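Reader: I am new to protein models. Can you show me how to read one, feature by feature?

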Amino acid sequence: MIVTDIRIRIGGGETLQARLWDNPAARDLIDQLPLTLDFSDYGRQEVLAEPPGPLTMQGMPAGESAPAGTIGWYAPGRSVVLYYANVGRFTGIVRIGAMDGDLSGLQGWDSVRPVTIELAG
């Protein structure tokens, strides 16, 4: 499957418009959509959840930074990550997409929340 900037929706209270990029890890996530996952806050900088299957790191960089608005895969934790704050470069982080709009709805979670990720028509 060849993918170029696939539009998705991320819903967990408020809906964010987003896109996944054409890379091997993003294609693995697209193949699992739609998903509803239990996301939780980590470090007051991101929310994360583990999808049913891992995403490949083949053909991906060993690590990257994650600016606010990044959709990432953190391979060591097997987590899809929605970054609402800037995170410096770490081994295991790869960027698989980006979110558009106001990210404040992802901040301040004190419990696990179900979030749906689906293709946007």
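**Reading the model, step by step**

Author: Start with one residue. Glu50 counts as partly exposed, because its relative accessibility is 49%. Keep in mind that this is a predicted model.

Reader: Which residue forms a salt bridge with Glu50?

Author: First the general idea. Side chains of opposite charge can pair when their charged atoms come close. Here, Glu50 pairs with Arg78 in a salt bridge, and their closest N and O atoms are 3.5 Å apart. The two residues sit in distant parts of the chain, 28 residues apart. Glu50 is in the loop between strand 4 and strand 5 (63-66). Arg78 is in the loop between strand 6 (70-74) and strand 7.

Reader: Is Arg78 buried, partly exposed or exposed?

Author: Arg78 has 34% relative accessibility, so it counts as partly exposed. There is something else to see at Arg78. Its phi is positive, about 50°, although Arg78 is not a glycine.

Reader: Why do Asp100 and Arg19 count as partly exposed?

Author: Use the cut-offs. Under 20% is buried, over 50% is exposed, and partly exposed is in between. Asp100 has 27% relative accessibility, so it counts as partly exposed. Arg19 has 21%, so it also counts as partly exposed.

Reader: What links Glu64 and Arg95?

Author: A salt bridge does, with the closest N and O atoms 4.0 Å apart. Glu64 is in strand 5 and Arg95 is in strand 9, 31 residues apart. Arg95 counts as partly exposed, because its relative accessibility is 27%.

Reader: Let me step back. How many helices and strands does the chain have?

Author: Count the elements, then read their order. The chain has one helix and 10 strands. Along the sequence the pattern is β-β-α-β-β-β-β-β-β-β-β.

Reader: Why is the chain called as compact as a globular protein of its length?

Author: Compare two values. The radius of gyration is 13 Å, close to the 14 Å that the globule rule gives for 121 residues, so the chain is as compact as a globular protein of that length. The C-alpha trace spans about 35 × 35 × 25 Å along its principal axes. Buried residues make up 42% of the 121 residues.

Reader: What do the contacts say about residues that are apart in sequence?

Author: Take contacts between residues at least 6 apart in sequence. Of these, 62% join residues at least 24 apart.

Reader: Where is a cis peptide bond found?

Author: Check omega along the backbone. The bond between Leu33 and Pro34 is cis, with omega about 0°. Pro34 is in the loop between helix 1 (24-30) and strand 3 (35-42).

Reader: What lines the largest pocket?

Author: Its lining includes Tyr42, Gln45, Glu46, Tyr74, Val81 and Phe90. By class, the lining has eight nonpolar, three polar and one charged residues. Strand 4 (46-49), strand 7 (79-83) and strand 8 (87-91) each supply at least two lining residues. Strand 7 gives the largest share, three residues.

Key:
Residues are numbered from 1 along each chain as its sequence is written. This is a predicted model: local features need pLDDT of at least 70, side-chain atom pairs count only at pLDDT 80 or more; totals for chains, interfaces and linings use all residues. Side-chain values use heavy atoms; hydrogens and water are left out. On a 1 Å grid over the protein atoms alone, a cavity is a set of points where a 1.4 Å probe fits but cannot get out, and a pocket is an open set with protein on both sides within 12 Å along at least five of seven lines; lining residues have an atom within 4 Å of a point. Helices (H or I, at least four residues) and strands (E, at least two) are DSSP runs, numbered from the N terminus. Ala, Val, Leu, Ile, Met, Phe, Trp, Tyr, Cys and Pro count as nonpolar, Asp, Glu, Lys and Arg as charged, and the others, Gly among them, as polar. Buried means under 20% relative accessible area, exposed over 50%, partly exposed in between (1.4 Å probe, protein chains only). A salt bridge is a side-chain nitrogen of Lys or Arg within 4 Å of a carboxyl oxygen of Asp or Glu. The radius of gyration is taken over C-alpha atoms; the globule rule is 2.2 Å times the number of residues to the power 0.38. Contact means heavy atoms within 4.5 Å.
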